Amino acid sequence: FEVEAGVHYEYIEPKCVHMPFYENAAKVFAEWSNQIVMCADKRTPSAMATCVSSGSSDRHPSSTNWADVLSNFREEKLTYAQNTERCSDWAGRAVGDPQRIGPYSGRTGHCNYYKNCMDVRGTRDNMVDSHYHWTDDSCEIKVKVDKDGMIAIVHQPANTQDWTRWSSSDPPFVQSHVDIDETVSYFFVQWESTSEVGRLNYPNVEENACDGGTADATYCVCTTSVSETAVFTGPGLP
């Protein structure tokens with residue numbers, strides 16, 4: 001990103017391990033409207049700073065459900081708490097679940113001034129090309145279990161506002177690789193062994209009626225929870 005003639009700025013994201021399962025997930029969305037949605041971990045810098053107005057005079061009455069992007073530099077990502085703080089510092093705005101992104105004060109708002117709207121984009125074909133925005137709505141992480149015990153991660157974002165895709169009556173798309181109907185990303189996991197000889201130790205439609213989960217054709221869809229335990233304790237840590 002060229003700040004000015006001959007002066008360039010490059011943001012290199014720190015190396016980090018991102019866990020696929022986490023508690024208290026938030027819904028994030030990509031594109032100008034609530035077009036593509038998925039879950040994000042509030043503790044990690046996963047989405048752009050996005051703020052909604054609370055009756056501010058610089059928001060036209062017909063666009064009160066719109067939000068603005070408030071980045072300090074291009075493609076900046078924040079944690080949920082950092083996003084909340086930045087919105088609060090900007091005239092008392094907040095994290096919300098906007099209908100779409102749009103600059104304040106017509107076309108002269110913060111979004112255009114700092115060129116942040118150039119980074120508002122999304123696609124279901126390549127997640128790398130999607131830039132997500134925080135919302136205050138919830139999101140549930142589940143697993144889809146096939147007949148052989150392999151699982152795929154599935155995201156089920158809430159839609160409290162009943163938003164639809166722009167110029168459509170259909171609900172937002174879920175990012176394809178975590179969509180319950182489109183995911184093909186199955187992998188093996190270590191299931192807890194059962195004491196019953198010959199009994200499958202994972203949810204299965206025919207064997208155990210998904211063992212408390214929900215049947216989806218030949219698959220089982222199950223809720224998840226996270227339990228964190230220290231692997232090494234005491235003075236003899238490796």
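A residue counts as buried here when its relative accessible area is under 20%. By that cut-off, 40% of the 238 residues of the protein chain are buried. Keep in mind that this is a predicted model.

**The chain overall**

DSSP gives the protein chain three helices and 12 strands. As for contacts between residues at least 6 apart in sequence, 66% of them link residues at least 24 apart.

Five of its five residues are buried, so S3 is largely enclosed by the rest of the structure. Which residues cover each face of S3? Ala26, Val28 and Ala30 sit on one side, with Lys27 and Phe29 on the other, and all of them are buried.

S3 has strands to pair with, too. It runs antiparallel to S4 over five bridges, and Phe29 has Val37 in S4 as its bridge partner. The two strands make a hairpin with five residues between them, where Glu31 in the turn takes a positive phi of about 80 degrees. S3 is also joined to S8 in the antiparallel sense, by four bridges; there, Ala26 is partnered with Ser138 in S8.

S8 (residues 132–145) carries on to S9 through seven antiparallel bridges, with Glu140 bridged to Gln156 in S9. That hairpin has five residues between its strands, and Gly149 has a positive phi near 90 degrees. S9 itself is mostly covered, with six of its seven residues buried.

S8 pairs with S12 (residues 219–223) as well, antiparallel over four bridges, and Val145 stands opposite Cys220 in S12. Cys220 is also the bridge partner of Ala215. S11 (residues 214–216) meets S12 over three antiparallel bridges. Two residues separate S11 and S12 in their hairpin, and Ala217 in the turn shows a positive phi of about 60 degrees.

Here are some of the antiparallel pairings side by side:

| Strand pair | Bridges |
|---|---|
| S3 and S4 | five bridges |
| S3 and S8 | four bridges |
| S8 and S9 | seven bridges |
| S8 and S12 | four bridges |
| S11 and S12 | three bridges |

**A three-stranded sheet**

Next, an open sheet. S5, S6 and S7 form it in the order S5-S6-S7, with mixed pairing. Which strands are at the edges? They are S5 (50–52) and S7 (100–101), each pairing on one side only. S5 and S6 (residues 66–69) are antiparallel over three bridges, and Cys51 stands opposite Asp68 in S6.

**The largest pocket**

The largest pocket has a volume of about 910 Å³. It is lined by 33 residues, and those closest to its centre are His18, Pro45, Ser46, Lys77 and Met127. What does the lining look like by class? It has 18 nonpolar, nine polar and six charged residues.

S4 (36–40) and S9 (151–157) each supply at least two residues of the lining, and S4 gives the most, with three residues.

Note on methods. Residues numbered from 1 in each chain as written. Predicted model: local features only at pLDDT ≥ 70, side-chain atom pairs only at ≥ 80, totals over all residues. Heavy atoms only, no water. 1 Å grid on protein atoms, 1.4 Å probe; cavity = no way out; pocket = protein on both sides within 12 Å on 5 of 7 lines; lining within 4 Å. Points joined across faces, edges and corners; volume = space filled by probe spheres on them. Nonpolar A, V, L, I, M, F, W, Y, C, P; charged D, E, K, R; others polar. Buried < 20%, exposed > 50% of the residue type's maximum accessible area, 1.4 Å probe, protein only. Pairing = 2+ DSSP bridges. Contact = heavy atoms within 4.5 Å.
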